[in-house]
Amino acid sequence: MKTEGQDRIYHKTYFDFYPKIGFLDGFENLLEKYLPEKKGKILDVGCGQSRYILSMIDGDYEFLAIDDSEAAFEFLSLRISGEVCRNKIDCISHPFHPDMIKNEVFNGVVLSNILHFYNYQDATEVVDAIKKSLIKDSVVYVCVHSDEHPGNKLKRTQFKHFFSKKEIKDLFPESEFEYMYEESVNEDMSEREVAFALFYCSKQKENRIEITDEQKETYIRQRKTQHIVVVKRR
Ligand SMILES: C[S@@+](CC[C@H](N)C(=O)[O-])C[C@H]1O[C@@H](n2cnc3c(N)ncnc32)[C@H](O)[C@@H]1O
């Protein structure tokens, strides 16, 4: 588990490596692509660096951004003007809880690299809570580590659940959701991603955070193995 200090170092390192200019270059927003009307209320759980929100910030949207990291919001506010941030984004820096979205209705939901931090039962409860806030044609973007991930077979310090395709279909059954997009990725990290991993390792060392050569090796040799789906509520 990351401490608060480590978390801040991660976000600062990310901000330094991927600065404001060019941050969204090459980014494809698959949620917005499949939203039938390009407007409405968007929920992003575990928003982190908030690429989805940032790429839609000039549109006709309002956002509810939830992340248990205060540092995530600190660095998000450096990427956009304070006024836009306050007017458009409701930020909750706390672990997700169903009460946070009670009585809300969302046209779009981003679940990008968040569900695999829950065990499958808890992920089901998160998704069930979110489903109550969807209406016909609401779109949900999901990206999770797949069960092909090499970390699936390793002992890890941080818990992760690695999803099978079937588990995704069980979370979002075809009787309730139309599948607009499905992709299973299994590829090496890009040169830029490896460079970031090395940069982050060096920052950890600078900040006297212990990192063994083995951890470093695992970190920079990760493969990207993900299931990505975009589903629309029937
Ligand atoms: C791997 S990052 C993903 C960030 C972003 N969604 C993306 O795909 O680039 C996971 C984020 O989820 C946040 N997080 C982890 N567990 C959480 C929880 N239970 N509730 C809210 N946020 C959580 C972390 O602080 C982190 O910012």
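**Close-ups of a predicted model**

On one side of helix 6, Gln 121, Glu 125 and Asp 128 are exposed. The views here all come from a predicted model.

View A. Helix 6 covers residues 120-131, 12 residues in total. From its first C-alpha to its last it reaches 16 Å, close to the 16 Å expected at 1.5 Å a residue. Its buried residues are Ala 123, Val 126, Val 127 and Ile 130. Look down the axis of helix 6 and these buried residues fall within an arc of 95 degrees, so they line one face of the helix. Gln 121, Glu 125 and Asp 128 sit exposed on the other side.

**View C. Glu 176 in its loop.** Glu 176 lies in the loop that runs between helix 7 (165-171) and strand 6 (177-188). Is Glu 176 buried or exposed? Glu 176 has 11 other C-beta atoms within 10 Å, so it counts as exposed. Setting aside neighbours within four places in sequence, Glu 176 is in contact with Arg 233 and Arg 234. Glu 176 and Arg 234 are 58 residues apart in sequence, yet their C-alpha atoms are 5.5 Å apart in space.

**View D. The shell around the ligand.** The ligand is surrounded by 16 residues, and the closest are Gly 46, Gly 48, Ser 69, Ser 112 and Asn 113. By type, the shell splits into 7 nonpolar, 6 polar and 3 charged residues.

Note on methods:
Residues numbered from 1 in each chain as written. Predicted model: local features only at pLDDT ≥ 70, side-chain atom pairs only at ≥ 80, totals over all residues. Near = placed C-beta within 6 Å. Nonpolar A, V, L, I, M, F, W, Y, C, P; charged D, E, K, R; others polar. Helix = DSSP H or I, 4+ residues; strand = E, 2+ residues; numbered from the N terminus. Buried ≥ 20, exposed ≤ 12 C-beta atoms within 10 Å, placed from the backbone. Contact = placed C-beta atoms within 7 Å. Expected span 1.5 Å × (residues − 1). Arc of directions from axis to C-beta.
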